[in-house]
Amino acid sequence: IPFVEKNITSADWRHKEAALVAFGSILDGPQGNVLKELIIKAFGLLLDNLKDPINLVKETAAWTIGVICELHIDAITGNELLLFEALSFAAKDSSWSVAKQACNSMKFLAYSYDGKDDSEKQVILQTLEIILQTLLAVAARPEGDLKVNAYEAANAMIEVAPRECNPLIAQVLQEALTRLQTSMQAAYMDQG
C-alpha cells in the first residue's frame, strides 16, 4: 500500500503503471472494509489515469477498475454514472488494449446490477443508449478479440437493463442481427 500511495501519481509512467498493477493485484486479497477506504481515495486517480498519454497506464487503470467492479463494487456506490461515462470514453481509445480493458470493466460494472430490481437501475436507464452505441462502434473495429469484448459488455448491459429499455434493446438486437447476417454472407462469398 505505501508503494501504491507513493507511485500512483508519479511523473514517471513506469512507476505509475507499476503502482496500478500492484493496486489491482492486492484487490483480490482482503475483503470487507480493509481496502474500501483505499479504493475510495484512489477512485479519482484511477479515472484520471484512463486519460493518461501512455497506453499501458490507461490499460492498467481500466483493468484495475474492472477488478474493483468485480470484487469491491460497494466501494464505488454512488459513482457508477461517472464510471460508466469514463469507461465509455476509454472504450473509444485508439489503443485496442485500452478499449478491451474498458469493455471488460463495463461488463463487470453492468453485472454488479444483476439481481437488483428495476428501481435500483436508474444509472443503466440513463446510460444504456450511449453505452450500447459506443460498444457497437467498438465491435465494428477490425481487431478481432476486441469485438468479442465489446459484445460481451453489451450483452451484460442488456441482461441487467430495466424493462423500460426493451424498445432500445430491440433496436440494438436488430443492428446485431444485421451485422451477423452481413458477416455470414461475406464468409459464404469468400468460400464460394
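## Contact of helix 7 with helix 8

In this predicted model, helix 7 meets helix 8 through Ile124, Thr127, Leu128, Ile131, Leu132, Leu135, Leu136, Val138 and Ala139. Their counterparts in helix 8 are Leu146, Lys147, Ala150, Tyr151, Ala153, Ala154, Met157, Ile158 and Val160. By class, the residues of this contact of helix 7 with helix 8 comprise 16 nonpolar, 1 polar and 1 charged.

## Geometry of helices 7 and 8

Helix 7 spans residues 122-139 and helix 8 spans residues 144-160; the two pack at an angle of about 160°, and their axes lie 9 Å apart. Because angles over 145 degrees count as roughly antiparallel, helix 7 is roughly antiparallel to helix 8. The crossing of helix 7 past helix 8 is left-handed.

## Geometry of helices 4 and 6

Helix 4 passes helix 6 in a crossing that is left-handed.

## Contact of helix 4 with helix 6

Which residues of helix 4 meet helix 6? They are Asn55, Lys58, Glu59, Ala62, Trp63, Ile65, Gly66, Cys69 and Glu70. On the side of helix 6, the contact involves Ser97, Val98, Gln101, Ala102, Ser105, Phe108 and Leu109. The residues of this contact of helix 4 with helix 6 are made up of 8 nonpolar, 5 polar and 3 charged.

Definitions and conventions: Residues are numbered from 1 along each chain as its sequence is written. This is a predicted model: local features need pLDDT of at least 70, side-chain atom pairs count only at pLDDT 80 or more; totals for chains, interfaces and linings use all residues. Side-chain values use heavy atoms; hydrogens and water are left out. Axes are lines fitted to C-alpha atoms, for helices over the stretch in contact, and angles run from 0 to 180 degrees between N-to-C directions. Helices (H or I, at least four residues) and strands (E, at least two) are DSSP runs, numbered from the N terminus. Angles under 35 degrees count as roughly parallel, over 145 as roughly antiparallel, 65 to 115 as roughly perpendicular and the rest as oblique. A crossing is left-handed if the near helix is turned anticlockwise from the far one by less than a right angle, and right-handed if clockwise. Contact means heavy atoms within 4.5 Å. Ala, Val, Leu, Ile, Met, Phe, Trp, Tyr, Cys and Pro count as nonpolar, Asp, Glu, Lys and Arg as charged, and the others, Gly among them, as polar.
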